[in-house]
Amino acid sequence: MSHESPSADQVEYCYVTKEIGVPVCVLTEKDCDTRWQGFPQWLPFNGRRIEFQVPQISTDAGSNIMLQVPVPDGKLEVPLPERCAEGDTLCLFQRTDDSWKIVRRRDEFSFVVPDCSPGDSLTLTLAEQVSLSFAVPEGVSEHDVVTLRRQPDGEWAFDRCAALPLFTPTPFQPEWTTAQYQHILDALKDKGYIDRLPRNLNVSVPFCGHFHEYVALGNFLSENFPSDVSVFGMELYDDYLVDWAKAQRWLKKVRGIRCCIEAGDLAQDPLPSADLAIGIHPEVTKGGPWFRIIGSLLRCCKLCVFATFYKEEKETLVNMINMYQANGSVEVFENPFYETRELPSHPAMRFVVVVEQPAGGKELLRSFFSFCSA
Ligand SMILES: C[S@@+](CC[C@H](N)C(=O)[O-])C[C@H]1O[C@@H](n2cnc3c(N)ncnc32)[C@H](O)[C@@H]1O
């Protein structure tokens, strides 16, 4: 069955949830501002640091706002991170190529407790390049969510610890995504992609949000990769920490899979290299940082699988992919889940885009670097 999405002139913004607005229009290479083309996140910092407060921002400034910051040697332009409001403190860190990483200073930092014992000392690195040493208190155990709070004197202190609900081997799996996700995994297997992956597998789940799909993914990985499997995720917001903790606990206990999910900005922070990346619902038609995010993922993952709601997102994604990779194969198909079902107005994971790098991957790196220096 083939389905038609609403055309771009009928719909300007579709609100998939009350939080996620997805502009439905196709972007091409021409929409990639030069400021987003490079990948400076791969370079170390040079020690120069600037802090300032976010000024008043006009309500109709839209998204992808660039701030102009006067500095002694000129003026620098940096993107305003999402969710930043007037008065927030922004920290800028310069990299060795003179580009800047920008982060909002937080007064709270939460993390999922790793496998450790009371009295152990954990080293925690915050986005604003602060390294904290945390002695695990009595009563705090693996998969609890600990929150530290910045004190008025600037020091960090233990604030609270939230324990997860009792473990269940059959956790909640939302009916609005699980079957769609399972159909993608099955299609990857049927098409031979899974059999071409190494048996010891590193999997990335970029921009994973709640990471609701962990049960389907965990079951699939342990059926197809009986040896060593690890899963790493990165998502901009740490709102989902409790979900990540539950996923980590379930994957470890039920499937013996190591899983770590961190809050981080994929447009600024590199993902570790992976054999397989599965990125569900990239907000590519927002443009700006999404060019860099997609380029970055193609660079570090051998097999990248993306799924989008809309035709316009799929086309934008393919345009982005074509900007960054030369010799990898690109396959686009409709999720077989919808073959036998009525198409809803916001069809989760409807289009699947798969990018497979040739063995060796040298061509990928060449094209990546030639794009950066263009
Ligand atoms: C449409 S949601 C998809 C979430 C999840 N994969 C799903 O399908 O439910 C897009 C996600 O991308 C995340 N995101 C946006 N910009 C990001 C960035 N620069 N780095 C990491 N994640 C980002 C958002 O916070 C959001 O959770």
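This is a predicted model: local features need pLDDT of at least 70, side-chain atom pairs count only at pLDDT 80 or more; totals for chains, interfaces and linings use all residues.
Residues are numbered from 1 along each chain as its sequence is written, and side-chain values use heavy atoms, with hydrogens and water left out.

Now the aromatic rings. A pair of rings is described by the distance of the centres and the angle of the planes. Rings of Phe, Tyr and Trp (for Trp, the six-membered ring) pair if their centres lie within 6.5 Å; planes under 30 degrees apart count as stacked, over 60 as edge-to-face and the rest as tilted. Searching the whole structure gives 11 aromatic pairs. In one of them, Phe 207 and Trp 290, the ring centres are 5.1 Å apart and the planes stand at 70°, so this pair is edge-to-face. Phe 207 is in the loop between strand 13 (201-206) and helix 2 (214-224), while Trp 290 is in helix 4 (residues 289-300), so the pair ties together parts 83 residues apart in sequence. Helices (H or I, at least four residues) and strands (E, at least two) are DSSP runs, numbered from the N terminus. Phe 207 and Trp 290 are both buried.

Back to Tyr 240. Its ring and that of Trp 244 have centres 6.3 Å apart and planes at 40°, so that pair is tilted. Trp 244 is buried, at a relative accessible area of 0%. There is also an aromatic cluster formed by Phe 109, Phe 111, Phe 134 and Phe 158.

Next, charges over rings, which require NZ of Lys or CZ of Arg within 6 Å of the ring centre and within 35 degrees of the ring normal. Lys 191 lies over the face of Phe 333, 4.3 Å from the ring centre. Lys 314 has its charged end over the ring of Phe 351, at 4.7 Å from the centre.

Last, Val 355. This residue belongs to strand 19 (residues 351-356) and is buried, with a relative accessible area of 0%. Leaving out residues up to four places away in sequence, Val 355 touches Leu 298, Lys 302, Leu 303, Cys 304, Ile 321, Gln 325 and Ser 329, where contact means heavy atoms within 4.5 Å.

Note on methods. Buried means under 20% relative accessible area, exposed over 50%, partly exposed in between (1.4 Å probe, protein chains only).
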